[in-house]
Amino acid sequence: MRPHPSVNALRRGLLALAASTALTPAAFAEGPIVIKFSHVVAIDTPKGKAAEYFAKRAGELTKGRVKVEVYLNSQLYKDKEEIEALQLGSVQMLAPSLSKFAHLGVKEFEAFDLPFIFNDYNDLHAVTSGPVGRKLLKKLESRGITGLAYWDNGFKVMSANKPLKKLEDYKGLRMRIQPSKVLDAQMRAVGALPQVLAFSETYQALQTRVVDGTENPPSNLYTQKMHEVQKHVSTTHHGYLGYAVVVNKKFWDGLPNSIRAALSQAMTESTQVANDIAFQDNLDALARIKASGKATVYQPTMEERQQLRRAMLPVHQQMATRIGMQTIEEIYQATGFKPLPTPLTP
Ligand code: LMR
């Protein structure tokens, strides 16, 4: 999808402005402090709703001193551009998926992409609310980014135009993935051909058969109408997709203390909102996909899911050097992960 020319002009303007604006407290003395919060998904998703909630609470808790402008659906920037824009200071806040941080050289974040590493949200929260989660956010600081929170989305389903039941069904399928080497290895492990595409380009690539299928939590699949161009969805829940909410460090550090405290409070509340609704939103989206009659929704049997798990688990070892074995071990420890078959519920 090509952005509207006026959006391009706005982007250029923002970049120029960022280069010329000093982010000192004095710069905040007049008028409201504007936080541009850019993201790539629809409003009706866990991230979309939490971003709106944050904007509302930030305004209330700072008594109008802060105005958060949310730019959704890749309106302003696509995946890769948005991180660059944050570093340049042309937007102040983002919530990219955890799969998109390796681009900054913080490859440890790809641990979240490891297939079957989390059985459920409890496992995930043991990491995101504990020392491992905090340590990973800290690593962003050297890149000029401050990590504020983790926001949940959910466990991924696979989709294609053919039924996805057995392992051999994935063979030779061109599958859109996010820019993560772990996801690349995961797709290759089942014989598929991974192709990295920006989220905003995925619907069209599926529609025009540039790729055959994809993976995402149901909330993303449904709100981007991908189920209208994919005949079959399989609830493999083979991996997790969620977010880190991040701000430009210079901007954040330059805020008056009272404003930063109020924004931190708004972030705590919004994180609660995101995480409270993520599970239900994904269930609802799956039900809506079923009800639409446009795609079938298949629940793999226990054996089919085990087949997938056996094929994908070697990716943990393959990627250990890239991610760092210590980070992987710390996640195993936090979740009680057992590499060998504890039967997983489908
Ligand atoms: C994707 O690219 O599939 C996701 O990261 C989009 C998102 O932000 O949820």
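Predicted model: local features only at pLDDT ≥ 70, side-chain atom pairs only at ≥ 80, totals over all residues.
Most residues other than glycine have a negative phi. Against that background, K63 has a phi near 55°, and K63 is placed in the loop between helix 2 (46-61) and strand 2 (66-71). With a relative accessibility of 76%, K63 counts as exposed. A positive phi, near 60°, is also found at K225, which lies in the loop between helix 8 (218-223) and strand 9 (232-234); at 44% relative accessibility, K225 counts as partly exposed.

Side chains of opposite charge can pair when their charged atoms come close. The count of salt bridges in the model comes to 18, and one of the local pairs is K138 with E141, whose closest N and O atoms are 3.8 Å apart. Here K138 is exposed at 56% relative accessibility, whereas E141 is partly exposed at 28%.

Within helix 2, K56 and E60 are 4 residues apart, which means that about one helical turn separates them, and their side chains meet in a salt bridge with an N to O distance of 3.5 Å. K56 is partly exposed at 46% relative accessibility, and E60 is likewise partly exposed, at 40%.

A salt bridge of 2.9 Å, N to O, joins the side chains of R174 and D212. Because R174 belongs to strand 6 (residues 174-177) and D212 to the loop between helix 7 (199-207) and strand 8 (213-216), this pair ties together parts that are 38 residues apart in sequence. R174 is partly exposed at 31% relative accessibility, while D212, at 18%, counts as buried. Elsewhere, salt bridges that share partners join K56, R57, E60 and E269 into one network.

Definitions and conventions
Residues numbered from 1 in each chain as written. Heavy atoms only, no water. Helix = DSSP H or I, 4+ residues; strand = E, 2+ residues; numbered from the N terminus. Buried < 20%, exposed > 50% of the residue type's maximum accessible area, 1.4 Å probe, protein only. Salt bridge = Lys/Arg side-chain N within 4 Å of Asp/Glu carboxyl O.
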